[in-house]
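Visitor: I would like to go through this model term by term. Please tell me what stands behind each label.

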Amino acid sequence: MTATQATGTAPAGAVGPNRQTAAERRAMPDLTDIAETVAVEQGVCARVVPMRAFDTLSGRVSYIGAPCKATVATTCPACAKANKSVRAMQLREGWCAEHEPVRPEPVVTEAQAQVLAARADLFGQYHDARRDEDTELAEAIKEWVADLDVELRELGVRGRLPALDEKPRRRAKSTRRREDLPDLPRKKVARTTIGTAYANGKYRPSTFWTLTMPSYGHINRVWDPTGGKDKRGDWVSDGSPRDPESYDYPRAARDIMHMKALFDHWIINLRRAVGWDVQYWASVEPQKRGAPHIHLAIRGSIPTKLLYAVTAATYRSIWWPHFNRENEIYSGDHMPVWDHRAGTFVDPKTGRALTEWDDAIAVIDSVDDLEPAHTMKFGAESKPVQILAGTPEMDRKVAYLTKYLTKSVGEILESDSPRVNRHYDRLHEELQRTPCRESCAVWLRYGIVPKGGGSEKMQPGRCRGKNHRRDALGVPGKRCNNSRKWSGKTLVDHKAERMEFVRGKLAALGIFPPDTSHLRITPVGPGDRDAPPRSHLIMASVSAKLTDRAQYTRACLIDAEGPPGDHSVSHQIVAAQHDSFEQFAAWGGA
């Protein structure tokens, strides 16, 4: 043994083992990380939902990954981009349409008519049995009608089926207009949905319009170095009120809750004023102050003065029990409790049952001079913009209407300012004590059992509805909405139209997709041991995407025309897609 070996020192020039720390090992990507990264690079959904495909002809079972269909880019960029693309295509197709949307005539089958006739006969027999106090026959007829309702649904009948025991409708309050509001012209609404054409049909303009909520108090302004039209800086609003104590938070919260009802009433008034069935495409966005505002694409040209008059004359009254701060009975830990014997909520101290919803409404209906719980109007009007099809201005407005569709409300209202965040927290606190609907659990704060009676699973004073959530501050309901006759198609129809266009392109090259009509697709159940890992499903989706893309770009070399709502495919894009396909094939993915 040498001296060097005896002392345990390494000989000169020796290299020690490359030891990894635990942190370095945790930083190494696993299969799922690799698959998600490749999916994001190729524009494929990285959050696929495992689905089981059963072949009814061969009996073979396979597994595929279905897109998650998220609409927010931070959740899934690929699905959010696809949803935005379809929405933009829908917006373009219906905005400056020159022809009425085609609505297929409903086809009534003989089986549907026979089942409905039988249901109508049983409907009369049921009420005869009720008048004769024949309870046994009435219950039997009710079961027969339930079976017929199921059969009608299976036969493709849509719409609400009248119930055997219709509840009495609430007596409507007076619809007399307020004296402090201007009168509107009221015309018979024609069935046409397209606007007026000018210059012998050469021009058919449409309208871009924005609706905002009223002011609730003065807002602070800060200097933005990149603000202004020239990007040289300007004073802009940061969303926080100058005086939080005088800011009308209760009215702001109520306007958020009921903005949809006000907008629906505005559309009704607009149609009555112009005399034709106005169609719209709306995008709802939160302002910096936390109030919603609506960007509207309206088909047809509407005079500016008429838009101002309709906005000024439109209001909405909410005929609910009053829910002001002084009417709040329960708060904090002092909340009503569920009584299993009584089957309702009771006071935690006295044990007395709370007022039922129907009883509270009956009190409101019995008083003639009672003021509504809330009355709301839109705020200051913006200047309408006339849009012509195929112009750069239309492209800019389409981009403006869809720019926030892939962003969450939290991203739009994200702020580093403490005073702005305090404002958002206070507005959210007010939304927590504002009822959003008749069955809202917040009604228990005011000593009223929500409509439907509630249940022991209901958390008193706290509602799980979207309008009460902090991440949906200022945006009640859907972020994007359109009228039924906007394009005559649903989003599914637009997607199918785009797919048919691509299939037609591929058919010209002799490429036909496999027939999948005989496959029965169902979600993968828990405990399915045959289901592959999600990373494998993601890579399979990437492989299929690259194959489809290579086939489509080959077809685009022959014809430069793109699918509906798309642009022409350049040779540079074709070359880049072929390169990516060859690289993926080299990995063994194709």
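**Helix packing and cores**

Guide: α3 and α14 run roughly parallel to each other. First, the basis: this is a predicted model, where local features need pLDDT of at least 70, side-chain atom pairs count only at pLDDT 80 or more, and totals for chains, interfaces and linings use all residues. Residues are numbered from 1 along each chain as its sequence is written, and side-chain values use heavy atoms, with hydrogens and water left out.

Visitor: Why are α3 and α14 called roughly parallel?

Guide: The axes of α3 (residues 31-42) and α14 cross at roughly 25° and come within 9 Å. Angles under 35 degrees count as roughly parallel, over 145 as roughly antiparallel, 65 to 115 as roughly perpendicular and the rest as oblique. So α3 and α14 are roughly parallel. Their crossing is left-handed.

Visitor: Which residues of α3 meet α14?

Guide: Leu31, Thr32, Ala35, Glu36, Val38, Ala39 and Gln42 in α3 meet residues of α14 including Ile538, Val542 and Leu546. The contact (heavy atoms within 4.5 Å) divides into eight nonpolar, three polar and four charged residues.

Visitor: What makes α13 roughly perpendicular to α14?

Guide: Helix α13 (residues 491-508) packs on α14 (residues 534-558) at an angle of about 70°, with the axes 9 Å apart. That angle makes the pair roughly perpendicular. This crossing is left-handed. Phe501, Val502, Lys505 and Leu506 in α13 meet Gln551, Tyr552 and Ala555 in α14. Five of these contact residues are nonpolar, one is polar and one is charged.

Visitor: Why is Lys397 called buried?

Guide: Lys397 has a relative accessible area of 16%. Buried means under 20%, exposed over 50%, partly exposed in between (1.4 Å probe, protein chains only). Lys397 is therefore buried. The residue sits in helix α10 (residues 392-402). Beyond its neighbours within four places in sequence, Lys397 contacts Trp95, Phe208, Val385 and Ile387.

Visitor: What makes a set of residues a nonpolar core?

Guide: Such a core is a set of buried Ala, Val, Leu, Ile, Met, Phe, Trp, Tyr and Cys residues joined through side-chain atoms within 4.5 Å. The largest here has 57 residues, of which Phe263, Trp266, Leu270, Leu296 and Ile302 touch the most other members. Helix α7 gives the largest share, 13 residues.

Visitor: What does Leu270 contact?

Guide: Leaving aside neighbours within four places in sequence, Leu270 contacts Val278, Ile298, Ile302, Leu307 and Val310.

Conventions: Axes fitted to C-alpha atoms, helices over the stretch in contact; angles between N-to-C directions. Helix = DSSP H or I, 4+ residues; strand = E, 2+ residues; numbered from the N terminus. Left-handed = near helix turned anticlockwise from the far one by under 90°. Nonpolar A, V, L, I, M, F, W, Y, C, P; charged D, E, K, R; others polar.
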